[in-house]
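This report describes the fold and selected packing details of one protein chain. The sequence and the coordinates are shown first.

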Amino acid sequence: MAPMVPLALLALVALLAPGLGVAFPGCDYPAHLWCSSREIAIACQAESHCTNLSRSAAAPVEVSLYYESLCPACRWFLIQELFTSWLLLPADAVSITLVPYGNAEERNVSGKWHFQCQHGPEECLGNMIETCVMHEAKNFSTYFPVIFCLESGSSVTKNLEACLQIYAPQLDGGRITACVQGDTGAALMHHNAQLTEALDPPHQYVPWIVINGKHTDELQAQAEASLLGLICRLYQGEKPEACQGSAAQKAPAGCKR
């Protein structure tokens, strides 16, 4: 069953759409990306509607999420906290890095990397698919909605085609599949393993959240309670409208090693 377009994105498109009409020549981007960068806003003649582009320059809050594709707590955080914060905040307020690997283990057999995941082979496949989507898309604004779609849908591993059709039809599903099944995907997953193993302090569970290069129990708890609120407190630039208030939610228990 194909995943449905989330209400949050529909609401965002509705906010951008009044007065804009249909896409203009040279605008090959869906409406929810029109304010993701100044170049796209210009191409789609949406500059006057993208207030985030005129904000004073300040370093974005860096949020790195180390996760695994089938961990319930990881999926909850990505869907409820991370994606929502990204939708609500201007592009210059937050920079997000996704590392799908989590509590997996790797071994090298005859020069090839093999992976064993906490929630079984299906999770290894999910991690690989999302890693290859990132590799092929390059642009965060292109691949994050696809990953959100996979994580929020009925199946992380079976909805790729439908999610691409909705959020990134410009991506070649065949190239992503070739990445997953070939040496490129294995090399990318090995890189994720190295990033995860290099964490200081070492991760004890997932989701493992790193804020501006640091992980502490306090930052983890604050991010899980309200990532939007945490980013708003740390961001040194002009406070976006979304920072006027945010309600904390109860996060599910993480997936321990």
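## Basis of the values

The model is predicted; local features need pLDDT of at least 70, side-chain atom pairs count only at pLDDT 80 or more, and totals for chains, interfaces and linings use all residues. Residues are numbered from 1 along each chain as its sequence is written, and side-chain values use heavy atoms, with hydrogens and water left out.

## Overall make-up

The protein chain holds nine helices and seven strands. These elements are DSSP runs numbered from the N terminus: helices are H or I with at least four residues, strands are E with at least two.

Of the 257 residues in the protein chain, 51% are buried. Buried stands for under 20% relative accessible area, exposed for over 50% and partly exposed for values in between, with a 1.4 Å probe and protein chains only. Among the contacts in the protein chain with a separation of 6 or more, 68% come from residues 24 or more positions apart; a contact means heavy atoms within 4.5 Å.

## The three-stranded sheet

Three strands form an open sheet with the order β2-β1-β6 and mixed pairing. Its edge strands, β2 (94–100) and β6 (208–211), each pair on one side only. On average, neighbouring strands of this sheet are turned by 15° against each other, direction ignored. Two strands count as paired if DSSP finds at least two bridges between them.

Seven bridges join β1 (residues 61–67) and β2 in the parallel sense. Along this pairing, Val-61 has Val-94 of β2 as its bridge partner, and Tyr-66 has Val-99 of β2. Strand β2 is mostly covered, with five of its seven residues buried.

## Helices on the sheet

Helix α5 lies across β1 and β2 and runs at about 50° to β2. Helix α8 (residues 183–197) also packs on the sheet. It touches β1 and β2, and its direction makes about 110° with that of β2. Axes are lines fitted to C-alpha atoms, for helices over the stretch in contact, and angles run from 0 to 180 degrees between N-to-C directions.

Helix α4 (residues 121–137) packs with α8 at an angle of about 100°, the axes being 9 Å apart. The two helices α4 and α8 are therefore roughly perpendicular (65 to 115 degrees; under 35 is roughly parallel, over 145 roughly antiparallel and the rest oblique). From α4 the contact draws on Asn-127, Met-128, Thr-131, Cys-132 and His-135, and from α8 on Thr-184, Gly-185, Ala-186, Leu-188, Met-189 and Asn-192. The residues of this contact of α4 with α8 comprise five nonpolar, six polar and no charged. Here Ala, Val, Leu, Ile, Met, Phe, Trp, Tyr, Cys and Pro count as nonpolar, Asp, Glu, Lys and Arg as charged, and the others, Gly among them, as polar.

A pair of aromatic rings is described by the distance of the centres and the angle of the planes. Rings of Phe, Tyr and Trp (its six-membered ring) pair if their centres lie within 6.5 Å; planes under 30 degrees apart are stacked, over 60 edge-to-face and the rest tilted. The count by this rule is nine aromatic pairs. In one of them, Phe-83 and Trp-86 have ring centres 5.6 Å apart and planes at 45°, so this pair is tilted. Phe-83 and Trp-86 are three residues apart in helix α3 (residues 72–88), about one helical turn. Both Phe-83 and Trp-86 are buried.

Phe-83 also pairs with Phe-144: the ring centres are 5.2 Å apart and the planes at 65°, so the pair is edge-to-face. Phe-83 is in α3 and Phe-144 in α5 (residues 140–152), so this pair ties together parts that are 61 residues apart in sequence. Relative accessibility is 1% for Phe-83 and 0% for Phe-144. Ring pairs link Phe-83, Trp-86, Phe-140, Tyr-143, Phe-144 and Phe-148 into a cluster.

Ser-85 is also in helix α3 and is buried, at 3% relative accessible area. Neighbours within four places in sequence aside, Ser-85 contacts Leu-227, Leu-228 and Ile-231.

## The β3–β4 hairpin

Strands β3 (residues 105–109) and β4 (residues 112–116) pair in the antiparallel sense over five bridges. Glu-105 has Gln-116 of β4 as its bridge partner. The two strands β3 and β4 form a hairpin with two residues between them, and Ser-110 in the turn has a positive phi of about 55°.
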